[in-house]
Amino acid sequence: MPEGPELHLASQFVNEACRALVFGGCVEKSPVSRNPEVPFESSAYRISASARGKELRLTLSPLPGAQPPQEPLALVFRFGMSGSFQLVPRGELPRHAHLRFYTAPPGPQLALCFVDIRRFGHWDLGGKWQPGRGPCVLQEYEQFRTVHLQARPLPGHLGQRETFLRELQPSGLRRPASSRTQRLPKSPRRGGGRDDRQPLASADLGRPRLTPHPWNWRGPQPLSRRVSLFAPALSCCLALNLGSV
C-alpha cells in the first residue's frame, strides 16, 4: 500500500517528468472507474504535483492564451492499495489507466496516467486536503511530533501518553511506578525440580490416576527384560494354537 513516502516520491516524479511538457485537450477517464469525471479542457496547460501525508494534489494550470479560457483545476488523489502515476506513449496505455492526461502536439504524443490495478484509489475535485488530516511527517515533522505528543488518548488507551513521555526521560528522572502498574513478586514455584516434588494433598488421593507403562517404571529396559514381560502372554497363545491343531 502506498504510504506517505511513496506519495511524496510520486509527486516528485510528476514534477520532474512533466516540467517540460505541455498538455492539451480533455482529461479522459476510463469507463470502468467509479470516480468523478474531470470537467477540464484546454488547448495548452501544465501539470504540477504536491503531496501531503497520504494525499497527492495535481494542479492543471492553463497557459496564457489557451482556449477555451479556463481556471486552474486541482485534484486530490488517494492511492488506495496500488495507485501510481506513469508517463507512457499514447499508443501504449497501461491496462488499468483510469485517468489520462495527453500531451499537446507537436512532439511525441505521451500520456500521464493514474494507474490503479485494484481500483481502491480515489480522486476529488477542488484540491482541498482531507479535513482533519494531521501534519505531514515528511514536510511538517516538527508539527507532526508536537501534535503526536499532545494528542488526547483514545478510550481504552489511557496512560499511554504518560508512559511514552516517561520513556523519553533519563532513568534517574523517572518517577516510581504507581501501585496499579507495579509488578507483584512472583510466588515461588512448588517443587524446584523433578527430584524434590511435594507430596500430593489428601484431596488428590481419591482421584483416579494414570498408571505408567511397565517399560517406564525404571527407565529404559534391555531387550531381554522387555521380552520377559510378554512371556506369559506368548505362552498362552502358543498353547491355544497347539490345542486347536
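Modeller: Two residues are in contact when heavy atoms of theirs lie within 4.5 Å. The model is a predicted one. The part to look at is histidine 98, which sits in strand β7, residues 97-102. Leaving aside neighbours within four places in sequence, histidine 98 is in contact with Glu28, Lys29, Ser30, Val32, Ser33, Phe114, Asp116, Arg119 and Trp123. Histidine 98 has a relative accessible area of 5%, and it counts as buried because the cut-off is under 20%. Its side chain also reaches the backbone oxygen of aspartate 116, at 2.9 Å.

Strand β7 belongs to an open sheet of four strands, in the order β2-β7-β8-β6, with antiparallel pairing. The edges are β2 (28-29) and β6 (83-89); each has a single partner strand, so one side of each is left without a neighbour in the sheet. Between β2 and β7 the antiparallel pairing runs over two bridges, and glutamate 28 has arginine 100 in β7 as its bridge partner. Helix α1 (residues 4-17) lies across β6 and β8 (110-116), at about 20 degrees to β6.

Cysteine 26, in strand β1 (residues 23-26), also touches Arg100, along with Phe40, Glu41 and Tyr102, not counting residues up to four places away in sequence. Cysteine 26 and tyrosine 102 are 76 residues apart in sequence, and their C-alpha atoms are 7.9 Å apart in space. With 44% relative accessibility, cysteine 26 is partly exposed, whereas histidine 98 is buried.

Terms used:
Residues numbered from 1 in each chain as written. Predicted model: local features only at pLDDT ≥ 70, side-chain atom pairs only at ≥ 80, totals over all residues. Heavy atoms only, no water. Buried < 20%, exposed > 50% of the residue type's maximum accessible area, 1.4 Å probe, protein only. Polar contact = N/O pair within 3.5 Å; in protein donor to acceptor, adjacent residues only side chain to side chain. Pairing = 2+ DSSP bridges. Axes fitted to C-alpha atoms, helices over the stretch in contact; angles between N-to-C directions.
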